Amino acid sequence: MNETLKKVLQYCILPLVIVALVIVIVKGVQKPVKFDKEKEFRTKEAVQRLKDIRDLQVAYKSVNGKFSSTIDSLILFYNTGKMDVVLQVGSKDDSIAVVNTERIKKANKKITQEELYELYKKGERVIATVKTQFAVKDTLFVNRTNFVVDSIKYIPYSGGQLVEMESIVKKVSGVDVPLFEARMPYRALLKGMDNQLRINLDDERKTMNQYEGLMVGSINNPNNNAGNWE
C-alpha cells in the first residue's frame, strides 16, 4: 500500500467510518427512547378514551341492569338516554333551612321529599333529597368541552380501527354478575411506530401473562372495572 493511499485511509476514510459508526450507535440508543416517549403520549389519550367508555358503561348498567355489548349502543345511550340522579337541594349547614324543614315536617307528617322539593323551587329554604331524571348528555362529561362521543369507538392513531369490546353476565359465587371489557391492542394503538420494538413489547407482555395493549374491565376475572394501567 503506497503512502498516498495510507494517508487517504487515515485522514479521510477512517474518520468518515468513525462518524458513521457513532451515528448508528446514537440512533440505536435513541430508537427505544423515542419509541417510549411516543408510546407514553399515545397511551395517555387511549387511557382517557377507555375511561370514558367505562363511565358510559357504568351509567348504562345503572339504567339497564347490564353492560352494553357494543360501542354504538353506548353512543346511542349518551345521545338519547336518560338516567336517575339523586339530587339534594338545600344545605344541612343552613340553620334556617334545617328549622324550616323540621317545622314543615311537624305540620305535615306525610309530606314527601318531592313536595319539599317543590317548595324549594318556589323559594322556600328547605332541605330535600329527590330522585330525578336527566339526559345522559347533560350529566356525563359536561365539563369536557372537547368531548366527542362518536370518537370513543376508535383506537387513537390506528387509522380508524375499532375498540374491541365484549360484555357478559357471569356466575360469580352463585350470583349473576354483569361484566365487560374494552381493549386497544398495541398493534393498533402503536401503528406506524417501530414494528420490531412493538413486537418486543408484545412479547414482554405475553411473558408476564399480561394483555398486549390497554384494557379496562374483564369478562374473565372480575376486577371492579379497573384498567390494566391502574
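These are my notebook entries on a predicted model of one protein chain.

**Ground rules**

I number residues from 1 along each chain as its sequence is written, and my side-chain values use heavy atoms, with hydrogens and water left out. Since the model is predicted, I take local features only at pLDDT of at least 70 and side-chain atom pairs only at pLDDT 80 or more, while totals for chains, interfaces and linings use all residues.

**Entry 1: the whole chain**

I started with the secondary structure and found six helices and five strands. For my notes, helices (H or I, at least four residues) and strands (E, at least two) are DSSP runs, numbered from the N terminus. Along the sequence I read the pattern α-α-β-α-α-β-β-β-α-α-β.

Next I looked up burial, and 32% of the 230 residues count as buried. Buried means under 20% relative accessible area, exposed means over 50%, and partly exposed is in between (1.4 Å probe, protein chains only). The chain exposes about 15,000 Å², and carbon and sulfur atoms supply 54% of that area. These areas come from the Shrake-Rupley method with a 1.4 Å probe; for residues, only the protein chains shown count as cover.

I also checked contacts, meaning heavy atoms within 4.5 Å. Among contacts between residues at least 6 apart in sequence, 65% join residues at least 24 apart.

**Entry 2: strands 4 and 5**

How many residues of strand 5 are buried? I found five of five, over residues 213-217. Strand 5 pairs with strand 4 (residues 175-185) in the antiparallel sense, over five bridges. I call two strands paired if DSSP finds at least two bridges between them. One bridge I noted joins arginine 183 to methionine 215 in strand 5.

I picked valine 86 in strand 1 (residues 82-89). Is valine 86 buried or exposed? Valine 86 counts as exposed because its relative accessible area is 63%. Not counting residues up to four places away in sequence, valine 86 touches Thr129, Val130 and Lys131. The C-alpha atoms of valine 86 and lysine 131 are separated by 4.5 Å, although the two are 45 residues apart along the chain.

Threonine 132 has a relative accessible area of 25%, so I list it as partly exposed. Leaving aside neighbours within four places in sequence, threonine 132 is in contact with Met83, Asp84, Val85 and Leu87. I also noted glutamate 114, which is 18 residues from threonine 132 in sequence and 9.5 Å away in space, C-alpha to C-alpha.

**Entry 3: the loop between strands 2 and 3**

Phenylalanine 141 lies in the loop between strand 2 (128-135) and strand 3 (164-172). Its phi is positive, about 60 degrees, although phenylalanine 141 is not a glycine. I count phenylalanine 141 as buried because its relative accessibility is 13%.

Tyrosine 157 lies in the loop between strand 2 and strand 3 too. Its phi is near 65 degrees, again a positive value in a residue other than glycine. At 34% relative accessibility, tyrosine 157 goes down as partly exposed.

I then turned to empty space. Rolling a probe the size of a water molecule over the atoms shows where such space is left. My pocket is an open set of points on a 1 Å grid over the protein atoms alone, where a 1.4 Å probe fits, with protein on both sides within 12 Å along at least five of seven lines; lining residues have an atom within 4 Å of a point.

How much space lies in the largest pocket? I have about 210 Å³, where the volume is the space filled by probe spheres set on the points, joined across faces, edges and corners. The lining includes Lys44, Glu45, Asp52, Arg144, Phe147 and Ile152. By class, I get three nonpolar, three polar and five charged lining residues. Ala, Val, Leu, Ile, Met, Phe, Trp, Tyr, Cys and Pro count as nonpolar, Asp, Glu, Lys and Arg as charged, and the others, Gly among them, as polar.

Aspartate 52 belongs to helix 1 (residues 3-64), and at 4% relative accessibility it counts as buried. Leaving aside neighbours within four places in sequence, aspartate 52 is in contact with Phe141, Arg144, Phe147 and Ile152.
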